[in-house]
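Please keep the structure open while reading.

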Amino acid sequence: MNGPVVSLERVHVVHTARSGGMFSRDKVHALTDATVSVGRGEILGVVGESGCGKSTLAKVVVGLQPPTSGTVRFRGDDLWSMPAKARRETFGTSVGMVFQDASTALNPRLPVRRILRDPLDIHRRGTVRQREERVRDLLDLVGLPGHTADALPGRLSGGQRQRVAVARALALEPQVIVADEPTSALDVSVRAQVLNLLVDLRASLGLGLVFISHDIQTVRYLADRIAVMYLGRVVEEGPAAEVAGEARHPYTRALFSATPSLLDGAERIVLTGPVPSATRPPSGCPFRTRCWKATDECSAQFPPSTPAGRESGHSWHCVHPEPLLRSIP
Ligand SMILES: Nc1ncnc2c1ncn2[C@@H]1O[C@H](COP(=O)(O)OP(=O)(O)OP(=O)(O)O)[C@@H](O)[C@H]1O
């Protein structure tokens, strides 16, 4: 089946703010009106500064965070209107998650065999013998030797641990994996290996991947599509080559102009001023307080989506978009 595997439609997540460990009356707008989707074999890269809502979006996709409003669909079915048992089964088996730091995500007291068997035991997949075989297959899939099954996570290198985390995420044959900064805790020397593993798995298993990172160069290299987030909003979305090479939202252009090889011919734009608080986001466009093009119009409402007019689905939310750097056929 073509079409999205997981999609978020106009999803909002609002938290109650905490100060000094206590809940306050303030609301944190972690995710506002987010509409994104990921299809089979597709890599969706999500970029943006710290606190813009990337992890919140990841948690919504894997079902760890219920939306305050909006709809999360799996192959068209509205997940949060399903009975709880069906929803847990769908989220638990169809969407996997790889966290930033495998040394904290994996139980240090359990050998790798138990870590990989756990999801199979919980969801009662196959016989005991088939589960053991699946553990061997999973290790093979992520390029680890069979004897890794007997090791405790602490005996493995950072790269090997992250491979185990990927294997665990794959245990129940999910259709989508969410990887939240999966290489940022790793040595630079092994980052490429883990990224290449994810790309290979996408190709061999037809996995959809939501790849979240601060590192826009890596996202540009990996992703088919990129969603750019600012203060809880997706401000631009589309094919990676267009979003990176022909960014239309001023924030996206600033983000990608920091890496000259990505935005050929564009001037470097250095953003100044702090990111506003997610507790009191500015009216209208959230970027207007740092935008060199802002006018009164920008404070009136969040600009509606402007599609590029091509089939690619590139769109942005800005009333003063950046000019094209070159023509796109
Ligand atoms: N459980 C929570 N309670 C209150 N506020 C929260 C909660 N989780 C996240 N937030 C706030 O929501 C906003 C978005 O957070 P989120 O972790 O999604 O951002 P992020 O882009 O992933 O940041 P980073 O790159 O630093 O991980 C931030 O202002 C954060 O402080």
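## Helices and selected residues

Helix H1 is followed by Gly63, which has a positive phi near 85°. The model discussed here is a predicted one. H1 itself covers residues 54-62 and is mostly covered, with eight of its nine residues buried. The buried residues of H1 are Lys54, Ser55, Thr56, Leu57, Ala58, Val60, Val61 and Val62.

**Helix H6 and its surroundings**

How many of the 13 residues of H6 are buried? Eleven of them are, and H6 is therefore described as mostly covered, given that a residue counts as buried when 20 or more other C-beta atoms lie within 10 Å of its own. The buried residues run through Gln160, Arg161, Gln162, Arg163, Val164, Ala165, Val166, Ala167, Arg168, Ala169 and Leu170. These buried residues of H6 pack against strand E6 (95-98), helix H3 (102-105), H4, helix H5 (128-141), strand E7 (176-180) and helix H7 (188-205).

At 1.5 Å a residue, its 13 residues should span 18 Å, and the C-alpha atoms at its ends are 19 Å apart, so the two values agree.

The axes of helix H4 (residues 112-122) and helix H6 (residues 158-170) come within 8 Å and cross at roughly 25°. Angles under 35 degrees count as roughly parallel, so H4 is roughly parallel to H6. The crossing of H4 with H6 is right-handed. On the H4 side, the residues that take part are Val112, Ile115, Leu116 and Pro119, and they meet Val164, Ala167 and Arg168 in H6. By class, the residues of this contact are six nonpolar, no polar and one charged.

Next comes H7. The axes of H6 and H7 come within 10 Å, and they cross at roughly 15°. That angle makes H6 roughly parallel to H7. H6 passes H7 in a right-handed crossing. Here Gly158, Gly159, Gln162, Arg163 and Val166 in H6 meet Val190, Gln193, Val194 and Leu197 in H7. The contact of H6 with H7 has four nonpolar, four polar and one charged residues.

**Helix H10**

Helix H10 (residues 250-257) is mostly covered, as seven of its eight residues are buried. Pro250, Tyr251, Thr252, Arg253, Ala254, Leu255 and Phe256 are the buried residues of H10. They pack against strand E3 (43-47), helix H8 (216-222), E9, E10 and helix H9 (240-245).

**Single residues**

| Residue | C-beta neighbours inside 10 Å | Class |
|---|---|---|
| Asp33 | 17 | partly exposed |
| Arg75 | 15 | partly exposed |
| Gln301 | 11 | exposed |

Where is Asp33 placed? Asp33 is in strand E2 (residues 22-39). Its phi is near 55°, a positive value in a residue other than glycine. Arg75 lies in the loop between strand E4 (69-74) and strand E5 (77-78). The phi of Arg75 is near 45°, which is again a positive value in a residue other than glycine.

Gly232 and Ala34 are 198 residues apart along the chain, and their C-alpha atoms are separated by 8.0 Å. Leaving aside neighbours within four places in sequence, Gly232 is in contact with His29, Ala30, Leu31, Thr32, Cys52, Gly53, Ala278 and Pro281.

Gln301 is in the loop between helix H11 (297-300) and strand E11 (306-307). With 11 C-beta neighbours inside 10 Å, Gln301 counts as exposed, since the limit for that class is 12 or fewer. The C-alpha atoms of Gln301 and Cys285 are separated by 6.6 Å, and these two residues are 16 residues apart along the chain.

Conventions
Residues are numbered from 1 along each chain as its sequence is written. This is a predicted model: local features need pLDDT of at least 70, side-chain atom pairs count only at pLDDT 80 or more; totals for chains, interfaces and linings use all residues. Axes are lines fitted to C-alpha atoms, for helices over the stretch in contact, and angles run from 0 to 180 degrees between N-to-C directions. Helices (H or I, at least four residues) and strands (E, at least two) are DSSP runs, numbered from the N terminus. Angles under 35 degrees count as roughly parallel, over 145 as roughly antiparallel, 65 to 115 as roughly perpendicular and the rest as oblique. A crossing is left-handed if the near helix is turned anticlockwise from the far one by less than a right angle, and right-handed if clockwise. Two residues are in contact if their C-beta atoms, placed from the backbone, lie within 7 Å. Ala, Val, Leu, Ile, Met, Phe, Trp, Tyr, Cys and Pro count as nonpolar, Asp, Glu, Lys and Arg as charged, and the others, Gly among them, as polar. The expected span of a helix is 1.5 Å times one less than its number of residues.
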